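Subject: Structure for you to look at

Dear colleague,

I am passing on a structure, shown below. My notes on it follow.

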Amino acid sequence: MTADKKLVLVIGGTGAQGVPVVQALTSDGKYAVRVITRNAASAEAKGIASIPGVSILEGDTYNEATLRKAFSGVDYVFANTNGFAIGEKAEIFWGIRLYELAREFGIEHFVYAGLEYASKLGHFDPKYRTGHLDGKGKVTEFISAQPTTPMMWSILTSCLYAEGLWEFLRPFPDPQDPETLVFAAPLGDGLCPLIHLDDYGRYARWVFDTPARSSGLNLHVGTEDIGWKDLASAFTAVTGRKAMYRNVSLDEYFTLGLFPNPDAKIGRSSGQDDSTFVSYRQNFSGFWNTWKDNLTKRDYALLDAILPDRVKSIEEWMIKTSYDGTRAFVLRGASS
Ligand SMILES: NC(=O)c1ccc[n+]([C@@H]2O[C@H](COP(=O)([O-])OP(=O)(O)OC[C@H]3O[C@@H](n4cnc5c(N)ncnc54)[C@H](OP(=O)(O)O)[C@@H]3O)[C@@H](O)[C@H]2O)c1
């Protein structure tokens with residue numbers, strides 16, 4: 001790569017989170033991007049390959065030989081591992097291994113897509129244990145303990161995608177009054193952060209563009225920390241349709257049909273059974289308990305300073321995306 005055009009390897013670049021990162025990096029031709037995919041012929045891989053400046057490497061991300069090919073000639077790395085596919089244990093291994101390979105290959109800046117370490121925030125009370133958060137949280141602790149020379153590192157700690165309101169978080173008609181849409185969650189009076197994916201991509205771009213500020217930083221991003229009562233009110237304000245929040249118990253939540261089999265284990269792509277795997281029920285119980293008890297915090301003044309034109313509320317996001325509460329697929333895994 002020439003000195004003025006850095007090559008960024010984006011792990012997870014065909015996914016819901018990776019695509020806006022690739023788009024933000026290539027929007028003005030400043031960066032070239034390499035994306036690993038298991039299937040270069042998939043619609044997602046073809047879509048990302050059609051962006052000028054993007055090259056595709058076909059292979060399995062969770063394989064040392066593929067990664068060695070992928071790291072060759074790269075300046076920067078953005079890594080979003082897929083904990084739902086590989087399970088918490090493998091996510092911890094590969095997060096640390098990616099960091100080690102980045103050092104070995106002389107990468108200048110390693111950016112890790114983190115999530116909150118729920119168990120630690122909850123003082124290891126098992127009610128907060130959330131495999132897909134904790135796995136990335138543990139890797140975040142490892143990276144945070146490393147020096148920023150010779151390789152800079154940054155962490156972008158995110159949260160639920162606002163775009164999940166089209167699928168995982170979507171409302172359903174109240175059986176007693178089908179005109180009213182119900183946003184149901186076991187959230188009590190807690191606030192849950194949501195992040196607009198376009199802005200997530202722009203934060204990633206800022207991290208690479210602004211190493212003097214971003215190196216050694218764990219930036220916790222979000223659009224708004226919102227209670228579900230306010231979510232329903234925002235929906236009514238934007239669409240004119242009646243909506244309400246139903247605070248459900250965890251038991252009731254898992255009967256809503258959001259998880260076809262709540263007792264299935266997370267880690268499905270590893271092709272083996274593993275006693276460390278947790279079920280969707282265990283995982284998402286810890287997950288909702290984490291937000292219900294407001295264990296996390298974002299610095300919105302800092303986020304405003306970094307992206308002054310960010311989408312600042314979920315109501316604004318609903319207007320921007322013409323949100324109407326219908327179902328659409330955001331996650332690759334959600335449609336399969
Ligand atoms: N859902 C949310 O609200 C949310 C919020 C923050 C963070 N996250 C985290 O984001 C990660 C998932 O990324 P995403 O949201 O971009 O998901 P996604 O839209 O479902 O995309 C999955 C990505 O993982 C890649 N992948 C590599 N190996 C895979 C395998 N064995 N099985 C399935 N996919 C594989 C896919 O690449 P190919 O198919 O092209 O090979 C694709 O790039 C998870 O760790 C999750 O915890 C999710």
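Predicted model: local features only at pLDDT ≥ 70, side-chain atom pairs only at ≥ 80, totals over all residues.

Residues are numbered from 1 along each chain as its sequence is written. Helices (H or I, at least four residues) and strands (E, at least two) are DSSP runs, numbered from the N terminus.

H4 covers residues 83-104. The helix has 22 residues, but its end C-alpha atoms are only 24 Å apart, short of the 32 Å that a straight helix would reach at 1.5 Å a residue; the expected span is 1.5 Å times one less than the number of residues. H4 also has a kink of about 85°, centred on Lys 89. The bend at a residue is the angle between axes fitted to the seven residues ending there and the seven starting there.

The buried residues of H4 include Ile 86, Ile 92, Trp 94, Leu 98 and Tyr 99. Buried means that 20 or more other C-beta atoms lie within 10 Å of the residue's own; exposed means 12 or fewer, and partly exposed is in between, with C-beta atoms placed from the backbone. Among the elements that cover the buried residues of H4 are E1, E4, E5 and helix H6 (131-144), a contact being two C-beta atoms, placed from the backbone, within 7 Å.

E4, H4 and E5 make a right-handed β-α-β unit: with the strands pointing away from the viewer, the path from the first strand over the helix to the second runs clockwise. Strand E4 (residues 76-79) is covered on both faces, with Tyr 76 and Phe 78 buried on one side and Val 77 and Ala 79 buried on the other. In a regular strand the side chains alternate between the two faces of the sheet.

E4 runs parallel to strand E1 (residues 6-11), to which four bridges join it. Four bridges also join E4 to strand E5 (residues 109-114), again parallel. Strands pair if DSSP finds at least two bridges between them.

Strand E12 (residues 224-226) runs antiparallel to E10, with three bridges, and Asp 225 stands opposite Pro 193.

Gln 282 lies in helix H11 (residues 280-292) and is partly exposed, with 18 other C-beta atoms within 10 Å. Gln 282 and Lys 127 are 155 residues apart in sequence but 8.8 Å apart in space, C-alpha to C-alpha.

The protein overall

The protein has 13 helices and 13 strands. Its radius of gyration is 20 Å, close to the 20 Å that the globule rule gives for 336 residues, so the protein is as compact as a globular protein of that length. The radius is taken over C-alpha atoms, and the rule is 2.2 Å times the number of residues to the power 0.38. Buried residues make up 44% of the 336. Of the contacts between residues at least 6 apart in sequence, 73% join residues at least 24 apart.

Regards
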